[in-house]
Amino acid sequence: MRERFILQGLVMLIAFTLSLATPFKAHAQSGQKERITIMVKQKPLEEVLKKLSKEYNYQLFYNNSLVKGIRVSVSIQKAGINQTMDVLLAGTGLQYSIKEKTIVITTIPSRNTAKEKKLLSGHVVDKEGRAIPGVNIFTGDKTQGAVSDIDGNFAFASPLKHGTLLNFTSIGMKPQHIVYGGESTLKIVMVEDVNELEAVVVTGVVNKKRESFTGSASTFTADELKAVGTQNVISSLKTLDPAFNVLESGEFGSDPNRMPDIEIRGKSSLISTRDELAEDPNQPLFILDGFESSLEAIYNLDMNRVASITILKDAASTAIYGSKASNGVVVVETVRPKSGKLHLTYNGSANISWADLSSYNLMNASEKLRFEQMVGRYTSSTPSQQIELDQLYNNKLADVARGVDTYWLAEPLRTGINHRHSLYAEGGEGAFQFGLGLSYNGITGVMKESKRDNLSGNIDLTYRLNKLQFVNKFSMDNTASGNPIVGFSEYAGANPYYMKYNENGEVERWLEYNDYVEAGNPLYNAAQNSYNKGKSLSISDKFIMEYTPIAAMKIRARFGITHTNSNTEAFTSPLDSDYSKVDFTKRGSYNYGETESNKYEGELTVTYGKTFNKAHLVNIAAGGYLSQLDSKSHGYAAVGFPVGDFTLPSFANGYPDNGSPSYYENTSRSVSAYAIGNYAFNNRYLLDFSYRVNGSSVFGTDKHYIGTWAVGLAWNLHNEKFVSENIDGISMFKIRASIGNPGNQNFSSSSTITTFRYNFNSFNYFGMTTSLAQLGNPDLEWQTTIDRNIGFDITILNDRLTLTGDYYYKTTDPLLIGIDMPASTGATGNIIYKNFGKQTTKGFNAQATYYIIRQMDKRFWWSVRGTLRHGSSELNGIGNGWNLSTHQAGKEIRTGKTNLPSVTLTEPTLTPSGQSVPPVSTRQPDAKSLSKRTANSPMTFHMTMK
């Protein structure tokens with residue numbers, strides 16, 4: 001019933017959109033049925049031609065130099081188009097040709113010129129005079145073509161006829177249309193098209209024209225990302241696209257060092273598995289300049305380096321990435337250096353943030369004390385205890401009476417400042433271009449001692465040699481982070497009738513310490529020399545080589561290596577109130593952890609695209625990909641520190657009880673081969689298909705390989721005559737559908753391997769004993785998702801109004817679920833991963849953008865954007881599995897992500913961002929209550945002016 005309602009709503013929305021595109025055209029059809037009236041006196045011919053084009057819907061092509069300086073005086077009434085053109089061009093030395101609604105104006109060639117055909121050559125530059133390589137030049141009938149070389153030069157292999165229409169196209173530039181007038185050389189100046197990036201879908205493997213693309217994808221330019229915020233690209237995408245959902249964390253609040261939880265159109269795996277695995281199985285795949293990247297690398301990315309970001313959502317767009325694409329794909333393209341003189345650019349920005357606590361109506365000191373008395377906290381059946389409790393109550397009541405009412409929530413907070421600085425130098429001549437970048441991003445969180453400082457640099461090099469192009473991108477990120485040692489919840493748990501300082505203005509260790517209550521002072525613990533800090537370094541180098549043997553074919557090879565190293569240090573002072581009852585020799589603690597990884601990637605892709613018989617557009621790509629990730633981590637903990645500035649581990653008394661250093665190594669490999677195809681008939685009927693064979697060491701030895709596929713269909717209604725000839729102002733009206741089975745391998749490779757641990761305190765005749773640590777599952781299957789999608793893309797009112805809608809239905813079967821191992825295995829407390837159960841996720845996303853002012857050529861616009869998102873998830877086929885995985889159910893309840901009935905807490909726990917932890921249910925969960933999750937988002941609006 002709900003699906004039927006949603007489909008009916010989509011049909012009504014499309015019908016309403018078409019009604020907005022009226023009025024219908026009132027003029028007659030082309031040819032001699034047209035009745036044209038033009039009466040002018042000594043008007044420029046160019047002005048008259050523009051009027052003819054605008055009022056009678058003709059497309060005219062001519063060189064401006066041909067009509068410059070020509071004035072005409074004509075009186076034409078209800079004439080046909082041929083008669084009109086004869087009168088307008090009489091005595092001008094110009095001629096015309098007409099085909100349907102297209103008119104080409106050229107000079108009347110002399111007899112010698114008419115017989116002579118010349119070989120045309122030329123030079124293509126931008127508005128600053130810099131050469132533009134890779135420009136496609138082809139004749140109007142597409143029988144001849146050429147491509148500009150590294151210096152922007154081009155030449156035709158065969159002579160051209162006088163009056164031939166030439167088209168010049170290049171990604172990122174406005175197309176140019178020139179009528180050949182018999183010249184031997186031409187100089188073409190192309191200007192940047194700010195809308196061009198939006199017309200291209202960048203998939204990271206191949207680039208496709210949006211008009212011929214059947215998948216669900218959103219592309220945002222750098223200007224659009226910056227218009228809604230300059231903090232980071234993740235925050236901007238959350239505002240721009242309803243399918244890109246950043247989950248709010250009640251536990252971590254506004255912690256700048258906590259990576260956000262991201263979903264694209266719901267979940268494909270159980271929520272709780274993130275707590276058990278190193279990877280988030282619901283996190284989308286991130287692609288940076290064609291290579292797989294991490295969420296942290298995208299989070300740290302300088303926004304001034306970004307050229308565009310494309311979000312791939314459905315199977316038709318994501319299945320290119322096979323077994324890693326079930327959660328969606330985010331493709332980031334960075335800016336390319338431009339040739340010419342050295343150009344230096346600086347960008348800087350800053351913003352402030354603060355915690356909003358105005359929505360919390362907590363008890364004051366008097367109310368809280370009265371509440372505790374009413375619930376019996378100061379009541380005892382023992383007379384001696386009752387006397388003591390009465391004394392405690394009276395002392396607190398006296399403090400309240402003299403004005404003690406501490407608002408603890410504001411104590412650990414401050415105004416956060418985020419400032420960013422970016423410097424980029426670019427230049428080069430001829431075949432070589434370079435770009436050097438340096439950026440800094442400093443964040444001070446709203447929690448005191450919370451900070452994140454990121455320093456990054458990049459070197460981009462491009463070299464062209466004939467049909468070869470070499471690109472190398474080097475980048476470095478260095479991050480230093482700090483976190484408060486005392487959590488916000490400790491301040492929220494302090495009662496308002498406690499004083500922060502004693503009568504002497506000193507911070508005491510205890511707010512209250514007696515036989516009934518032990519309440520430590522969070523201000524005292526925060527004042528110690530405790531710390532929690534970390535560092536990370538990431539170095540990446542990516543090499544790309546492209547070879548273009550013919551205009552229709554490109555061969556690309558890519559290789560990348562990424563090295564990351566991160567470490568964390570945490571020291572807790574022996575004076576912390578948590579150690580009040582700990583043995584003196586074990587007070588204070590130090591924890592250290594370090595992780596190092598190296599990732600290697602290689603890919604080879606061959607693409608071919610050509611139009612046959614002016615109607616059949618075919619694009620084919622085939623390639624292979626392989627990668628290896630080596631990671632290792634180690635760490636240790638130490639206890640027992642002397643009081644004072646002795647925070648290094650060398651001052652420790654020893655390891656914790658039964659503690660020892662830890663060390664882990666992990667290697668995972670993947671290999672795949674893929675084929676991608678696209679077909680378009682007259683740019684009306686579209687077909688996309690892809691197939692990929694994937695292999696990964698993550699899954700069982702018997703299940704290493706799997707095939708993933710996708711098919712997409714679309715219909716460009718705006719290219720149908722019954723639409724284009726009857727509705728004005730419609731630029732796009734596409735209906736599309738897709739189905740496919742992208743997979744998910746965001747899991748630890750150790751899940752399939754049986755492992756053992758050494759028992760250091762147990763020996764036998766053969767030496768040290770071992771026990772089962774994890775029972776592997778060699779039959780562990782891939783987790784794949786059948787992803788179905790229907791949607792529409794509509795742009796009307798002369799590109800002022802854009803509407804996009806999608807309905808999706810995803811089924812993940814089988815799921816990968818962790819189950820507690822029974823005690824009989826000897827591996828109590830460990831988990832084995834099994835395949836069972838099915839998860840269904842469905843919902844719809846819609847978006848509308850209206851440009852109140854739209855002057856893209858002047859880079860000025862004012863737009864209003866509205867988004868709508870609804871989604872739900874349901875688990876089936878679990879059976880009694882929940883009884884084997886109750887810890888997972890408990891984690892879902894604590895994060896407040898189920899529809900369980902809840903009991904309101906007397907005082908909510910707060911986060912640094914001013915959000916309360918969702919209420920906790922006191923009822924025992926059952927399988928039925930855990931089987932469904934619904935995520936709703938009310939319609940949101942955003943206004944942008946630039």
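**A mixed open sheet and a buried arginine**

In the predicted model, Ile311 is placed opposite Val330, a residue of strand E21. The two strands concerned, E20 (residues 306-312) and E21 (residues 329-334), run antiparallel and are joined by six bridges. Strands of a sheet pair through backbone hydrogen bonds, in either a parallel or an antiparallel manner.

Strands E20 and E21 belong to an open sheet of five strands, arranged in the order E15-E20-E21-E18-E19 and with mixed pairing. From one strand to the next, the twist averages 25°. Helix H7 (residues 233-240) packs on this sheet, where it touches E15, strand E18 (285-288), E20 and E21, and the direction of the helix makes about 50° with that of E20.

A further part of the model concerns Arg736, which lies in strand E36 (residues 732-740). Arg736 counts as buried because its relative accessibility is 3%, the cut-off for burial being under 20%. The side chain of Arg736 is joined to that of Asp793 by a polar contact of 2.8 Å, and to the side chain of Asp806 by a polar contact of 2.6 Å. Arg736 and Ala714, although 22 residues apart in sequence, are separated in space by 4.0 Å, C-alpha to C-alpha.

Conventions:
Residues are numbered from 1 along each chain as its sequence is written. This is a predicted model: local features need pLDDT of at least 70, side-chain atom pairs count only at pLDDT 80 or more; totals for chains, interfaces and linings use all residues. Side-chain values use heavy atoms; hydrogens and water are left out. Helices (H or I, at least four residues) and strands (E, at least two) are DSSP runs, numbered from the N terminus. Buried means under 20% relative accessible area, exposed over 50%, partly exposed in between (1.4 Å probe, protein chains only). A polar contact is a pair of N or O atoms within 3.5 Å; within protein, one must be able to donate a hydrogen and the other to accept it, and residues adjacent in sequence count only if both atoms are side-chain atoms. Two strands pair if DSSP finds at least two bridges between them. Axes are lines fitted to C-alpha atoms, for helices over the stretch in contact, and angles run from 0 to 180 degrees between N-to-C directions. Contact means heavy atoms within 4.5 Å.
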